[in-house]
Amino acid sequence: MDEMKPTPTPANSGFEFNNPTIISLLYLASFMTGVTAIIGIVLAFVWRNEPKADWEVSHYHYLINTFWIGLAGSVLGFMLMIVLIGFLILPAVAVLVIVRSVMSLLNAQKHAPMPNPSTWLA
């Protein structure tokens, strides 16, 4: 008789709420609430100074840069709405923040460092 062997499941097959994941989710939630990004940046600065795994260091740098890019781009976009170019800048900044947050979220789930945390693009 052929016995069917059960396929092993990975030890970490669920969604893990590690610190970079929480910050990324707060950034993404800010598109609905408007204020959770502030909580995310505060947590990023606080958790950056605590003992952490090596892979997390790049995430904190990347997520802090993401916040400042989003804030600067939003301010610039709102100021330039007078000359109508802000209507193009604001959606572009939103897409950039979403892409950067999702990239950090995916790498945090794999416990992988961000490849280039200093970049201003995705």
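Hi everyone, let's start with two helices: H1, residues 19-33, packs with H4, residues 86-109, at an angle of about 155 degrees, and their axes are 9 Å apart. Please keep in mind that this is a predicted model. Angles over 145 degrees count as roughly antiparallel, so that is how H1 and H4 run relative to each other. The crossing of H1 past H4 is left-handed.

Now, which residues make the contact between H1 and H4? From H1 we have Pro20, Thr21, Ser24, Leu25, Tyr27, Leu28 and Phe31. On the H4 side, they meet residues including Ala94, Val97, Ile98, Ser101, Val102 and Leu105.

The model has 3 aromatic pairs. In one of them, Tyr27 and Phe67 are tilted, at 6.4 Å centre to centre with 35 degrees between the planes. Tyr27 sits in H1 and Phe67 in H3, residues 54-79, so this pair ties together parts that are 40 residues apart in sequence.

Phe67 also pairs with Trp68, this time edge-to-face: 5.0 Å centre to centre and 80 degrees between the planes.

Trp68, with a relative accessible area of 43%, is partly exposed.

Thanks, everyone!

Key
Residues numbered from 1 in each chain as written. Predicted model: local features only at pLDDT ≥ 70, side-chain atom pairs only at ≥ 80, totals over all residues. Heavy atoms only, no water. Axes fitted to C-alpha atoms, helices over the stretch in contact; angles between N-to-C directions. Helix = DSSP H or I, 4+ residues; strand = E, 2+ residues; numbered from the N terminus. Parallel < 35°, antiparallel > 145°, perpendicular 65-115°, else oblique. Left-handed = near helix turned anticlockwise from the far one by under 90°. Contact = heavy atoms within 4.5 Å. Phe/Tyr/Trp six-rings, centres within 6.5 Å; stacked < 30°, edge-to-face > 60°. Buried < 20%, exposed > 50% of the residue type's maximum accessible area, 1.4 Å probe, protein only.
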